[in-house]
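Here is a walk through one protein structure, for someone meeting it for the first time. Keep the sequence and the 3D view side by side as you read.

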Amino acid sequence: MAWQFDGNRPIYAQLVEHIQYDIVSGVYPPGEKLPSVRELATLAAVNPNTMQKALAELETDGLIFTQRTAGRFVTQDVEAIRQARERLSQSILQSFLQSMGHLGCTPQQSLEILTKYVEGSN
């Protein structure tokens with residue numbers, strides 16, 4: 001099944017984010033070989049050049065590395081993965097607070113609502 005994309009953001013940036021999520025969530029654990037560019041492009045239903053651009057950015061960020069003739073692998077640097085998780089978490093929280101702000105909630109009110117939700121789901 002093709003990945004879902006937001007038409008308001010560049011596809012390659014969304015690919016980077018999607019693969020980052022897969023790395024930090026353990027879908028692709030540290031040291032694991034990634035599927036080829038063509039395989040990933042087929043999974044995402046995008047042009048291989050677009051996928052290549054996304055993978056190049058992930059390599060620049062230090063989340064993946066290339067071994068000549070062997071393919072691309074997830075970094076074994078758990079600190080780099082932790083930092084990526086932190087950046088993604090902050091992005092999610094920023095989006096949450098922005099959405100809650102559109103509802104008229106302050107950050108403190110949003111925290112109170114979230115706390116009640118978490119406590120109620122136990």
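The paragraphs below go from the core to the strands, and then to the charged pairs and the surface. Keep in mind that this is a predicted model.

Start with the inside. The largest nonpolar core holds 23 residues. Six of them touch the most other members: Leu 15, Ile 19, Ile 23, Met 51, Leu 55 and Leu 58. Which elements give two or more residues to this core? They are helix H1 (11-24), helix H2 (37-44), helix H3 (48-60) and helix H4 (78-102). H1 gives the most, with 5 residues.

Now pick out Leu 58. Its place is in helix H3. Is Leu 58 buried or exposed? Leu 58 counts as buried because its relative accessibility is 0%, and the limit for buried is under 20%. Leu 58 also gives a view across the chain. Val 74 is 16 residues away in sequence, and the two C-alpha atoms are separated by 9.5 Å.

The phi angle of Ala 45 is near 60°. That is a positive value, and the residue is not a glycine. Ala 45 has 55% relative accessibility, so it counts as exposed.

Move on to the two strands. Strand E1 covers 64-67 and strand E2 covers 71-74, with Ala 70 in the loop between them. Thr 69 lies in this loop between E1 and E2 too. Thr 69 has a positive phi as well, near 70°, in a residue other than glycine. How accessible is Thr 69? At 85% relative accessibility, Thr 69 counts as exposed. Ala 70, by its value of 29%, counts as partly exposed.

Ala 70 brings another part of the chain into view. Lys 33 is 37 residues from Ala 70 in sequence, yet their C-alpha atoms are 8.7 Å apart in space. Arg 72 is found in E2. Arg 72 and Pro 35 are 37 residues apart along the chain, and 7.8 Å separates their C-alpha atoms. What about the accessibility of Arg 72? Arg 72 has a relative accessible area of 16%, so it is buried.

Stay with this stretch of sequence for the aromatic rings. How many aromatic pairs does a search of the whole structure find? The search finds 1. The pair is Phe 65 with Phe 73. A pair of aromatic rings is described by two things, the distance of the centres and the angle of the planes. Here the centres are 5.7 Å apart and the planes meet at 20°. The pair is stacked because an angle of 20° falls under the 30 degrees that stacking requires. The two partners have their own levels of cover. Phe 65 is partly exposed, at 28% relative accessible area. Phe 73 is buried, at 14%.

Another ring has a charged neighbour. Lys 53 lies over the face of Tyr 12, at 4.0 Å from the ring centre.

Turn to the salt bridges. The count comes to 2. One joins Glu 17 and Arg 9, whose closest N and O atoms are 3.5 Å apart. This counts as a salt bridge because 3.5 Å is within the limit of 4 Å. Glu 17 is partly exposed, with a relative accessible area of 24%. Arg 9 is partly exposed at 33%.

Arg 82 and Glu 79 form a salt bridge as well, at 2.7 Å from N to O. Where do these two residues stand along the helix? They are 3 residues apart in helix H4, so about one helical turn separates them. Arg 82 counts as partly exposed, at 39% relative accessibility. Glu 79 is partly exposed at 35%.

Which residues make a nonpolar surface patch of about 300 Å²? They are Leu 114, Tyr 117 and Val 118. Leu 114 is found in helix H5, which spans residues 107-120. Its relative accessibility is 34%, so Leu 114 counts as partly exposed.

Definitions and conventions:
Residues are numbered from 1 along each chain as its sequence is written. This is a predicted model: local features need pLDDT of at least 70, side-chain atom pairs count only at pLDDT 80 or more; totals for chains, interfaces and linings use all residues. Side-chain values use heavy atoms; hydrogens and water are left out. Patches are made of residues with over 30% relative accessible area and no salt bridge: like charges are joined within 9 Å, nonpolar side chains (Val, Leu, Ile, Met, Phe, Trp, Tyr) within 5 Å. Accessible areas come from the Shrake-Rupley method with a 1.4 Å probe; for residues, only the protein chains shown count as cover. A salt bridge is a side-chain nitrogen of Lys or Arg within 4 Å of a carboxyl oxygen of Asp or Glu. Helices (H or I, at least four residues) and strands (E, at least two) are DSSP runs, numbered from the N terminus. Buried means under 20% relative accessible area, exposed over 50%, partly exposed in between (1.4 Å probe, protein chains only). Rings of Phe, Tyr and Trp (its six-membered ring) pair if their centres lie within 6.5 Å; planes under 30 degrees apart count as stacked, over 60 as edge-to-face and the rest as tilted. A charge sits over a ring if NZ of Lys or CZ of Arg is within 6 Å of the ring centre and within 35 degrees of the ring normal. A nonpolar core is a set of buried Ala, Val, Leu, Ile, Met, Phe, Trp, Tyr and Cys residues joined through side-chain atoms within 4.5 Å.
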